[in-house]
Amino acid sequence: MAQAASKTCEICVSALGSWYCLDCEQCFCESCKALHSRQKISANHEFKEASNSDFIPEVQSKCTDHNEVFSFVCIACDVPVCVCCVTEKHNGHKLSKLKDTIAQLNTKIEKEILAKMDKTSGNVTKLKHAISFFNGQVETVIKTIAEEGDKIKLMVDQYTAKRIASIQEKARIESKRLSSILSTIKLLLEMHTL
């Protein structure tokens, strides 16, 4: 099968494969396309420009034994088969139309994708809940730390207030004692001067 994505001529394998033969399923450069179109066997082949990066060849794979387009799938052998293969190698085998097999595979793939999307969506929901729970735990820890900090601040403030009150009381008592001594000395001095 052709690899149009490589964009290399599949005939000379050196030039840019800017044309795609729909019949041969191959990329051709300009020169090889001209040569291919001049041959009797391939003179009526249809080409599409493959230089466009969006170009994806529409593959119509053919049976290599009979050069016929695949029409069925042999269920026993799990391979695509043409009309001639049905009467030869796959005679008596259970067959399915290629279109039906493709439709079944599409349905199966869609179901698998939807199941994986549902699982992923469920995982995303679980992850969101886990993040929310984690954030809640962080907030609880922060609140607890703040409350403990407030308690410690209150204890420090109370201790500081007690120490200040104690020093103020001692200073008041000492000031009173010193004032009393000063008064006594003044009185004694006045008595001596008289």
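**A salt bridge, a sheet and a helix**

Lys-89 is exposed, at a relative accessible area of 57%. By exposed I mean over 50%; buried is under 20%, and partly exposed lies in between, with a 1.4 Å probe and protein chains only. A word on the source: this is a predicted model, where local features need pLDDT of at least 70, side-chain atom pairs count only at pLDDT 80 or more, and totals for chains, interfaces and linings use all residues. Residues are numbered from 1 along each chain as its sequence is written, and side-chain values use heavy atoms, with hydrogens and water left out.

Back to Lys-89. Which residue does Lys-89 meet in a salt bridge? Asp-65, at 2.5 Å, N to O. A salt bridge here is a side-chain nitrogen of Lys or Arg within 4 Å of a carboxyl oxygen of Asp or Glu. Asp-65 lies in the loop between strand 3 (47-49) and strand 4, and Lys-89 in the loop between helix 2 (83-87) and strand 6, so the pair ties together parts 24 residues apart in sequence. Helices (H or I, at least four residues) and strands (E, at least two) are DSSP runs, numbered from the N terminus. Asp-65 is partly exposed, at 46%.

Two strands pair if DSSP finds at least two bridges between them.

How many bridges join strand 4 to strand 6? Three, and strand 4 covers residues 72-74. Val-73 stands opposite Ser-96 in strand 6.

The whole structure has four. Helix 3 holds Glu-169 and Arg-172, three residues apart, about one helical turn. Their side chains meet at 2.4 Å, N to O. Glu-169 is partly exposed at 35%, and Arg-172 is partly exposed at 47%.

Helix 3 also holds Glu-174 and Arg-177, again three residues apart. Their closest N and O atoms are 2.5 Å apart, in a salt bridge. Glu-174 is partly exposed at 34%, and Arg-177 is partly exposed at 44%.
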